[in-house]
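Subject: Handover of a structure and notes on it

Dear colleague,

Please find below the structure that I am handing over to you. My notes on it follow directly after.

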Amino acid sequence: MKLGLHLSIAGGLPRALDRAHALGCQAVQIFLQNPRGWRWRPVPAGEIAEFREKRRLHGIDLVVAHLSYLPNMAAVEPELFQLSWERLHQELTLGKALEIDYLVCHPGHASAEAASFDRVAAGLRRIITETPPPPLILLENTSGRKNELGQHIAELHRIISSAGVPLGLCVDTAHAFAAGYNLRLAHGRRQLLQEIAQGPGLAALKIIHLNEALFSCGSHRDRHWHLGQGNIGRRGLRGFLAGCSPFVQGVILETPKAAPDDDVLNLAAARSLL
Ligand SMILES: [Zn+2]
Ligand SMILES: [Zn+2]
């Protein structure tokens, strides 16, 4: 399993690879654009070429992108729906040019659940047929806040099987814990792995977002925390990693960055868990 963190693209996309290299990572996750805005920054051809070159130079084996926060693939409002899928298409196209391996997406939020799953699946079928992998789209499990889809593996499986195109899975440990999978206990870890095995299959699980949870199991509150200092605990995280190590390609930390050495400390904690 390659280890890395979500890192900033401030100063241009290739800078994230420099930051990953400086931290001794073989993997990295980035946003391709400002994640909190709809504005699209066209990335110059020179920057794309530099990104690909830097990756080889630094020996970064695994590059993951995370879709921006604003797109909602299950949106009911036609305008937001349109905007969301256009944005996903733009990021997928840019990801292909950058030779990125995976694009992690949340399935979206909507209240009329039954229709939402089919709408998301149909959208994915269309977009992936048009722009086949790489990057492979990975659906990420969520903490199940409000109308958030995808808190249970069965929901993600429903989208993946109904889409009928290549799709994978990214499991976030903090989201799973907040959604009610008690990773602190062997029983909870087994339950999550069993649901994956019986749903999309363990081979679909490509990336783990290794995060501690600040709030309690089943709280549906999405607050990532420092490894070893949250409610899942070191044993819980280590046990889960051991259970999925034969399948997973990369482990990405999305831990808080409040102090300058937080990344270094969380990476050291992750290495001790692996
Ligand atoms: Zn995410
Ligand atoms: Zn995550």
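In which loop is Glu99 found? Glu99 is found in the loop between α3 and β4, where helices (H or I, at least four residues) and strands (E, at least two) are DSSP runs numbered from the N terminus. I return to this residue towards the end.

Two conventions apply throughout. Residues are numbered from 1 along each chain as its sequence is written, and chains are lettered from A and ligands numbered from 1 in the order in which they are written. The model is predicted, and local features need pLDDT of at least 70, side-chain atom pairs count only at pLDDT 80 or more, and totals for chains, interfaces and linings use all residues.

Overall form

The chain has nine helices and 10 strands. Its radius of gyration, taken over C-alpha atoms, is 18 Å, close to the 19 Å that the globule rule gives for 274 residues, so the chain is as compact as a globular protein of that length. The globule rule is 2.2 Å times the number of residues to the power 0.38. Along its principal axes the C-alpha trace spans about 45 × 45 × 30 Å.

Of the 274 residues, 44% count as buried. A residue is buried if 20 or more other C-beta atoms lie within 10 Å of its own, exposed if 12 or fewer, and partly exposed in between, with C-beta atoms placed from the backbone. Among contacts with a separation of 6 or more, 74% are accounted for by residues 24 or more positions apart; two residues are in contact if their C-beta atoms, placed from the backbone, lie within 7 Å.

The barrel

Eight strands close into a barrel with parallel pairing, in the order β1-β2-β3-β4-β5-β6-β7-β10. Two strands pair if DSSP finds at least two bridges between them. Neighbouring strands of this sheet are turned by 25° against each other on average, direction ignored; axes are lines fitted to C-alpha atoms, for helices over the stretch in contact, and angles run from 0 to 180 degrees between N-to-C directions.

Strand by strand, the pairing is as follows.

- Strand β1 (residues 2–6) runs parallel to β2 (residues 27–30) and is joined to it by three bridges, with His6 opposite Gln29.
- Four bridges join β2 to β3, again in parallel, and Ile30 has Ala65 as its bridge partner in β3.
- β3 (residues 62–66) and β4 are parallel and share three bridges; in β4, Tyr102 is the bridge partner of Val64.
- β4 runs parallel to β5 (residues 136–140) through four bridges, and Leu103 stands opposite Ile137.

Helices connect several of these strands. β2, helix α2 (residues 45–58) and β3 form a right-handed β-α-β unit. A crossover is right-handed if, with the strands pointing away from the viewer, the path from the first strand over the helix to the second runs clockwise. The crossover from β3 through helix α3 (residues 78–97) to β4 is right-handed, as is the one from β4 through helix α4 (residues 113–130) to β5. Helix α3 lies across β3 and β4, at about 160° to β4.

The interior

Five of the five residues of β3 are buried, so this strand is largely enclosed by the rest of the structure. Leu62, Val64 and His66 point one way from β3, and Val63 and Ala65 the other way. Strand β4 (residues 102–105) is covered on both faces, with Tyr102 and Val104 buried on one side and Leu103 and Cys105 on the other.

The largest nonpolar core has 72 residues, and Val28, Leu103, Val104, Ile159 and Leu169 have the most contacts inside it. Such a core is a set of buried Ala, Val, Leu, Ile, Met, Phe, Trp, Tyr and Cys residues joined through C-beta atoms within 7 Å. Not counting residues up to four places away in sequence, Val104 touches Val64, His66, Leu67, Leu138, Glu140, Cys170 and Ile207.

Backbone exceptions

Most residues other than glycine have a negative phi, and most peptide bonds are trans. Glu99 has a positive phi, near 65°, and counts as partly exposed with 14 C-beta neighbours inside 10 Å. Lys146, in the loop between β5 and α5 (153–163), has a positive phi of about 40° and is exposed, with 7 other C-beta atoms within 10 Å.

The peptide bond from Pro133 to Pro134 is cis, with omega near 0°, and the bond from Pro134 to Pro135 is cis, with omega near -5°. Pro134 is found in the loop between α4 and β5, and Pro135 also has its place in that loop.

With kind regards
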